[in-house]
Amino acid sequence: MKILILGSSGILGKRLYISLKKHYRIVHTGLTKRKFNFEKTEEIKKLLLKEKPSLIINCLAIADIKICETNRKYSNLINVKILKEILKLKKSLNFSFIQFSTDQMYDNKTNLYSKESFNP
């Protein structure tokens, strides 16, 4: 099984890599620093088409609330738009997907990240 870990330079992604590499073929996006520009959604498509993973584990996120509030466009790109792009390819590439979340949930009236704003 080939597993792609997005956000592998973060704490959770790095720990998953260390744990899973003993048993699976792991593709990662950088362990000590990012080796992939997630801001270019076309690059994500290229990565998925090239690697054709069986499973994607998404640890990529802007979790800092202050950054999310002060840089909404960037955090929306990382936390919402990239996820939508990945899920658009799910059916054609036939991979399983694991998404992590936090306890931070918002309604559509006060924040950018609501069920309504995320509709893959």
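Colleague: What do the buried residues of H4 pack against?
Modeller: They pack against strand S1 (2-6), helix H2 (41-51), strand S3 (55-58), helix H3 (65-70) and strand S4 (96-99). Helices (H or I, at least four residues) and strands (E, at least two) are DSSP runs, numbered from the N terminus. This is a predicted model, where local features need pLDDT of at least 70, side-chain atom pairs count only at pLDDT 80 or more, and totals for chains, interfaces and linings use all residues. Residues are numbered from 1 along each chain as its sequence is written, and side-chain values use heavy atoms, with hydrogens and water left out.

Colleague: Which residues of H4 are buried?
Modeller: Among them are Ile78, Val80, Ile82, Leu83, Ile86 and Leu89. Buried means under 20% relative accessible area, exposed over 50%, and partly exposed in between (1.4 Å probe, protein chains only).

Colleague: Where does H4 bend?
Modeller: At isoleucine 78, by about 35°. That bend is the angle between axes fitted to the seven residues ending there and the seven starting there.

Colleague: And what comes just after H4?
Modeller: Asparagine 94, which takes a positive phi of about 55°.

Colleague: Switching topic, where is alanine 61?
Modeller: Alanine 61 sits in the loop between S3 and H3. It counts as partly exposed because its relative accessibility is 48%.

Colleague: What does alanine 61 touch?
Modeller: Not counting residues up to four places away in sequence, alanine 61 touches Ile78 and Asn79; contact means heavy atoms within 4.5 Å.
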